[in-house]
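Have the sequence and the 3D view open side by side.

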Amino acid sequence: MALSYQRIIVKIGSNVLTQEDGLPDGGRIQHLVDQIASLKKEGKEVIVVSSGAVAAGRSLVSVSDKADAVSNRQLLAAVGQVKLLATYAELFRAHELVCAQVLVTKEDFRDRQHYLHMQNCFRALLQNNIIPVVNENDVISVTELMFTDNDELAGLVASMLDADALLILSNVDGIFDGDPKAPGAQLIPVIEPTTTSFSGFVTTQRSQFGRGGMITKCHMAHKVAQLGIAVHIANGKTQNILPRILSEEVVNTKFIPNKTASRKKKWLAHAETAAKGAVQINAGAKVALTTPGKATSLLPVGVLGIIGTFEKGDIIRLLDEGSKPIGIGIAEYGSDKALERLGLQNQKPLVHYDYLFLNSEIS
Ligand SMILES: Nc1ncnc2c1ncn2[C@@H]1O[C@H](COP(=O)(O)OP(=O)(O)O)[C@@H](O)[C@H]1O
Ligand SMILES: N[C@@H](CCC(=O)OP(=O)(O)O)C(=O)O
């Protein structure tokens, strides 16, 4: 039976798009575009997250070994992204399809305004039947500002757009129970939402031109599946891989999706590292917030202390009396006002339920 995904994110890894020598594989890109065009003709929405800018840059200019690695990467990506998108645009045009370039940084997912602008743009593109081709803005994203890899970026895009599925194309058939090249290694076809540890079977080894490796792919895939989105890890070098994943005719690893979470909560699930401050809440507030089936906002009466400073709209962490993190949310007002209202009754919520994300909701 065919899988009925409607909105699909296709993540194409560096290794799928490059040949052994690190230069772009034109035939491979063509074949993938042909497959995506077929999905479009079936009425599906497709968003492509494509690596390959650095590889494309390498085919155009050679960089000096003496220059620093960051500058070289910026230069190759800046040059290569033009070629990468020109290649996609030309190949999609042959199918009478239009694609668009979307370049983003990690910061764009942390800032609520940037996030909403981005989401709005994606919606407009999809409504106009345009295929977004997303990559990290490698010119700006250096060191700590970088995504771990494009898998992380693809996961964020999938949750932002409430996708039905994320198809991660790599250079392996899926996740194996050990080194995929070792004799007897077995592919794991299905990973249930209850699986939490991958370190037992996934090594930290990366493909030749990849950045994050399989372990980061697993963690991201698990997190995305917890948010209600199916994730498949499959081999992008296999012929007709996309239609064959959907018709369940090909080996791959599927992360079974969990119950769906609301869109806002999906964003919050990824936003923890962006927290500006924290509030410590009392036991009564903890019980009220974590009681299943109840939509409760955090009121100042339940707040014991404010840690750090934050402003209205910032993400803050919620800690219990023992300083254990219990969730995150968006502050309705800044830490100064929160401090004035600490412990007081009949005050406006510090975190509204709609902007509150509790750890218990995804575990
Ligand atoms: N248990 C495993 N199953 C599959 N692949 C694994 C496993 N452990 C490590 N790997 C390695 O992960 C690599 C794919 O990850 P990565 O380098 O991030 O690729 P990509 O460029 O597609 O993002 C594979 O080439 C493989 O060598
Ligand atoms: N933004 C980079 C891709 C880096 C990256 O993370 O690649 P991959 O590990 O294959 O997902 C580029 O376009 O070259």
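## Aromatic pairs

How many aromatic pairs does a search of the whole structure find? The search finds three. Keep in mind that this is a predicted model.

Take Phe109 and Tyr115. Their rings form an edge-to-face aromatic pair. The centres are 6.4 Å apart, and the planes make an angle of 70 degrees. Why edge-to-face? Planes over 60 degrees apart count as edge-to-face, and this pair has 70 degrees between its planes. Phe109 has a relative accessibility of 5%, so it counts as buried. Tyr115 has a relative accessible area of 3%, so it is buried too.

Phe109 also pairs with Phe147. This pair is edge-to-face, with 6.0 Å from centre to centre and 75 degrees between the planes. Where do the two partners sit in the chain? Phe109 is in helix H5, residues 106-110. Phe147 is in the loop between strand S4 (131-136) and helix H7 (150-160). They are 38 residues apart, and the pair links distant parts of the chain. Phe109 and Phe147 are both buried. Together, Phe109, Tyr115 and Phe147 make one aromatic cluster.

## A charge over a ring

Which residue lies over the face of Tyr333? It is Arg341. The distance to the ring centre is 4.4 Å.

## Around ligand 2

Now turn to ligand 2. It has 14 residues around it. Lys11, Ser14, Ala53, Asn135 and Asp138 come nearest. What kinds of residue make up the shell? Two are nonpolar, seven are polar and five are charged.

Look at some contacts with oxygen atoms of the ligand. In Ser51, an N or O atom of the side chain is 3.3 Å from an oxygen atom of ligand 2. In Ala53, a polar backbone atom is 2.8 Å from an oxygen atom of ligand 2. In Asn135, a polar side-chain atom lies 2.8 Å from an oxygen atom of the ligand. How much of the accessible area of ligand 2 does the protein cover? On its own, ligand 2 has 390 Å² of accessible area, and the protein covers 94% of that.

## A buried aspartate

Find Asp320 in the loop between strand S11 (315-319) and strand S12 (325-331). Is Asp320 buried or exposed? Buried means under 20% relative accessible area. Asp320 is at 8%, so it counts as buried. Its side chain reaches the backbone nitrogen of Lys324, at 2.8 Å.

Most residues other than glycine have a negative phi. Two residues here have a positive one.

Glu96 is not a glycine, yet its phi is positive, about 60 degrees. Glu96 is in the loop between helix H4 (69-93) and strand S3 (99-104). Is Glu96 buried or exposed? Exposed means over 50% relative accessible area. Glu96 is at 74%, so it counts as exposed.

Asn346 is also a residue other than glycine, and its phi is positive, near 55 degrees. Look for Asn346 in the loop between helix H12 (335-341) and strand S13 (351-358). Asn346 has a relative accessibility of 81%, so it counts as exposed.

## Distances along the chain and in space

Start with Ser197, in the loop between strand S6 (190-191) and helix H8 (214-226). Ser197 is partly exposed, with a relative accessible area of 44%. Ser197 and Ile215 are 18 residues apart in sequence. Their C-alpha atoms are 9.9 Å apart in space.

Next comes Gly26, in helix H2, residues 26-41. At 45% relative accessibility, Gly26 counts as partly exposed. Gly26 and Tyr5 are 21 residues apart along the chain. The C-alpha atoms of these two are separated by 28 Å.

Last, find Ala283 in helix H11, residues 283-290. Ala283 has a relative accessible area of 43% and is partly exposed. How far apart are the C-alpha atoms of Ala283 and Pro189? They are separated by 43 Å, and the two residues are 94 apart along the chain.

Notes: Residues numbered from 1 in each chain as written. Chains lettered and ligands numbered in written order. Predicted model: local features only at pLDDT ≥ 70, side-chain atom pairs only at ≥ 80, totals over all residues. Heavy atoms only, no water. Phe/Tyr/Trp six-rings, centres within 6.5 Å; stacked < 30°, edge-to-face > 60°. Buried < 20%, exposed > 50% of the residue type's maximum accessible area, 1.4 Å probe, protein only. Helix = DSSP H or I, 4+ residues; strand = E, 2+ residues; numbered from the N terminus. Lys NZ or Arg CZ within 6 Å of the ring centre and 35° of its normal. Near = heavy atom within 4 Å. Polar contact = N/O pair within 3.5 Å; in protein donor to acceptor, adjacent residues only side chain to side chain. Areas by Shrake-Rupley, 256 points an atom, 1.4 Å probe, with all protein chains shown as cover. Nonpolar A, V, L, I, M, F, W, Y, C, P; charged D, E, K, R; others polar.
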